[in-house]
Amino acid sequence: GDLTCRSSKLSAITVAADEVPSAVDELTLVGLAACFAEGETVVSGARELRVKETDRISAMVDVLRAFGVTCAERVDGLEVEGRDAPLTGARVSSRGDHRIAMTAAPLGLCVFLAGPLARAQDVSDADRRAARDLFLTGTRLKDEGKCREALDAFERSRRVIDAPTTV
């Protein structure tokens, strides 16, 4: 069958304790989406996130704050205020947790692909397209040359991406 996708504005949500067990591994992505939603997203009843590969609640709040997102840590979850303002460039630690890394990477790409940073002299249009392609297609890239091109683009622009600069 066909899959039709449309963009739309995101709205904040509340994830209650009874919803957590079926989505516990996806809650870091809820935090990511909440950055771009209108309003305040609240996750509660997710104390289990504190005993994963790392304390995911604390790690998520640290990552989101580093990118300039207003958020708060709760004993059993987090609160994230959506924003219209651009994110702030940041260098963050995944604390060795792949889910934190998978959440921080798209935030970094949002900074890289937006505004003045994306127009920096040492980041060409081809570099931005390659980075965007890598983000959009993820690990499903079948063309090894295209993947290498995208990774090379990231390496060439590392000092731009890593710079703690507001976009």
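Arg 50, leaving aside its neighbours within four places in sequence, is in contact with Asp 55, Arg 56, Ile 57, Ser 58, Glu 73, Arg 74 and Val 75. This picture comes from a predicted model, and the points below set out where Arg 50 lies, what its side chain reaches, and how the cysteines Cys 35 and Cys 71 are placed.

- Arg 50 is found in the loop between β4, which covers 40–43, and α2, which covers 56–66.
- With a relative accessible area of 23%, Arg 50 is partly exposed, because buried residues must fall under 20% and exposed ones must be over 50%.

**Arg 50: partners along the chain**
- The contacts of Arg 50 include Glu 73, Arg 74 and Val 75, and the side chain of Arg 50 reaches the backbone oxygen of Arg 74 at 2.7 Å.
- Although Arg 50 and Val 75 are 25 residues apart along the chain, their C-alpha atoms are separated by 9.0 Å.
- Asp 55, Arg 56, Ile 57 and Ser 58 are also among the residues in contact with Arg 50.

**Cysteines**
- The count of disulfides comes to 0.
- For Cys 35, the closest cysteine sulfur is that of Cys 71, and it lies 7.6 Å away, which is too far for a bond, because a disulfide requires sulfur atoms within 2.5 Å.
- Cys 71 is likewise in no disulfide, its nearest cysteine sulfur being that of Cys 35.
- Cys 35 counts as buried at 0% relative accessibility, and Cys 71 counts as buried at 10%.

How values were computed. Residues numbered from 1 in each chain as written. Predicted model: local features only at pLDDT ≥ 70, side-chain atom pairs only at ≥ 80, totals over all residues. Heavy atoms only, no water. Helix = DSSP H or I, 4+ residues; strand = E, 2+ residues; numbered from the N terminus. Buried < 20%, exposed > 50% of the residue type's maximum accessible area, 1.4 Å probe, protein only. Contact = heavy atoms within 4.5 Å. Polar contact = N/O pair within 3.5 Å; in protein donor to acceptor, adjacent residues only side chain to side chain.
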